[in-house]
Amino acid sequence: CNTVALTDACNNVQRAVAAKSVNPALEGICIKTTEQGIELCGYDLEVGITTMLDAGKAGEGGIILNAKTFCDMLRRLPAENVTIETDDKQRCTIKSGDTEYHITGMAQDEYPDLPYVMGGSPVVLPQAVLKNMIRQVIFAVSTDESKTVHQGVKFEIAPGHLSLIALDGYRLAIRREEVEYSGDEMTFVVPAKTLSEVIKIMDDEDGYLSLNLDGKHIVFGLNGYQIVSRLLEGHFLDYGSAIPKQFETEVKVSTRDFIE
C-alpha cells in the first residue's frame, strides 16, 4: 500500500495503543486484511481507534506488531509504496525500495475485540464546531480520580441544541451551540482522554462527524476513522444550581480588553 498513507494511519491509530500493559498485544497495532483492503486497530481497553486503507493483492491474514517499533520503521521507508509479508510463525518482512526490515509479531487472535456499538440513528455534527466546543470546556475537567464521572465532558443533546459541560469543583465551563438535530434528547459523559484524541483527528474545515452510542459506549466516525470509547457512569453534579437565574448587574466588555 502507499507508504505515506500507512504511516499517517499508524500514527493516528497508535494514539489508542497502551504504553505499557500486562498484555503485550495491547502495546501493538493489529493489522488484518479485509475485502476492502487492510484494517488497522489500536485499543487499550478504554479507547479504540480503527481505520481502513486501500491495498493491492492483500492475502487473507493478520498480525499484531509493536506499535512504536512499527511506526518508527515506517517513518524511515524511502519509497512510495510498501509491501508487508508475514508467515505462519508471525515473522514479518517490511519492504520499501531498497530498504527491508524484519520484525516478529503476535497472532491476531490474541487481540481483544472492540465493543460493538449498536445504537439508533447517528448524530451528525460539524467537526469544526465540535472541536471548538471541546477545546473551550475540556480545561475544566476534574483530575480527581475519586469522582470518575467528572473526569469527562457531559454532552446534552436536544432538538436544535448541543451543550457541553465540564467541572472540577472549582471551575464550571458550559458551551452551547445550535445544531441541526431533531431526534430524542440524550445525555452522556465522554472521558476527557477520549475527546483529546478525537480532536487530534478532526478537521478545521467543513467536514462532519457522526456519533453513535448505546448505554455504555460511544463511537465517533470521522475522516475514515472509528473511535470507540466507554462512557463514564455516575451522578454528574447538578451544575444548573450553580448559575444564578436573576442578576442585579450585567456588564458586557470586549473579550480582548478583558484578557489584557
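## Strands S14 and S15

Strand S14 (residues 217–222) and strand S15 (residues 225–230) run antiparallel and are joined by 6 bridges; two strands count as paired if DSSP finds at least two bridges between them. Strands (E, at least two residues) and helices (H or I, at least four) are DSSP runs, numbered from the N terminus. Within this pair, Ile218 faces Ser229 of S15.

The model is predicted: local features need pLDDT of at least 70, side-chain atom pairs count only at pLDDT 80 or more, and totals for chains, interfaces and linings use all residues. Residues are numbered from 1 along each chain as its sequence is written, and side-chain values use heavy atoms, with hydrogens and water left out.

## The eight-stranded sheet

S14 and S15 belong to an open sheet of 8 strands, ordered S4-S1-S2-S3-S15-S14-S13-S8, with antiparallel pairing. Strand S4 (62–66) and strand S8 (123–126) are the edge strands, each pairing on one side only. On average, neighbouring strands of this sheet are turned by 20 degrees against each other, direction ignored.

Strands of a sheet pair through backbone hydrogen bonds, in either a parallel or an antiparallel sense.

## The three-stranded sheet

Another open sheet has 3 strands in the order S5-S6-S7, again with antiparallel pairing. Strand S5 (83–86) and strand S7 (99–104) each have a single partner strand, so one side of each is left without a neighbour in the sheet. The twist from one strand to the next averages 15 degrees.

S5 is joined to strand S6 (residues 91–96) by 4 bridges, and Thr86 stands opposite Cys92 in S6. Between S6 and S7 there are 6 bridges, also in the antiparallel sense. Lys95 has Glu100 in S7 as its bridge partner. The hairpin of S6 and S7 has 2 residues between the strands, and in this hairpin Gly97 takes a positive phi near 60 degrees.

## Helix H2 and the two sheets

Helix H2 (residues 67–75) packs on the three-stranded sheet, touching S5, S6 and S7; contact means heavy atoms within 4.5 Å. The direction of H2 makes about 175 degrees with that of S7. Axes are lines fitted to C-alpha atoms, for helices over the stretch in contact, and angles run from 0 to 180 degrees between N-to-C directions.

H2 also lies across strand S1 (28–34) and S4, running at about 90 degrees to S4.

## Helix H4

Helix H4 (residues 192–201) is mostly covered, with 7 of its 10 residues buried (under 20% relative accessible area, 1.4 Å probe, protein chains only). The buried residues are Ala192, Thr194, Leu195, Glu197, Val198, Ile199 and Ile201.

Key: Buried < 20%, exposed > 50% of the residue type's maximum accessible area, 1.4 Å probe, protein only.
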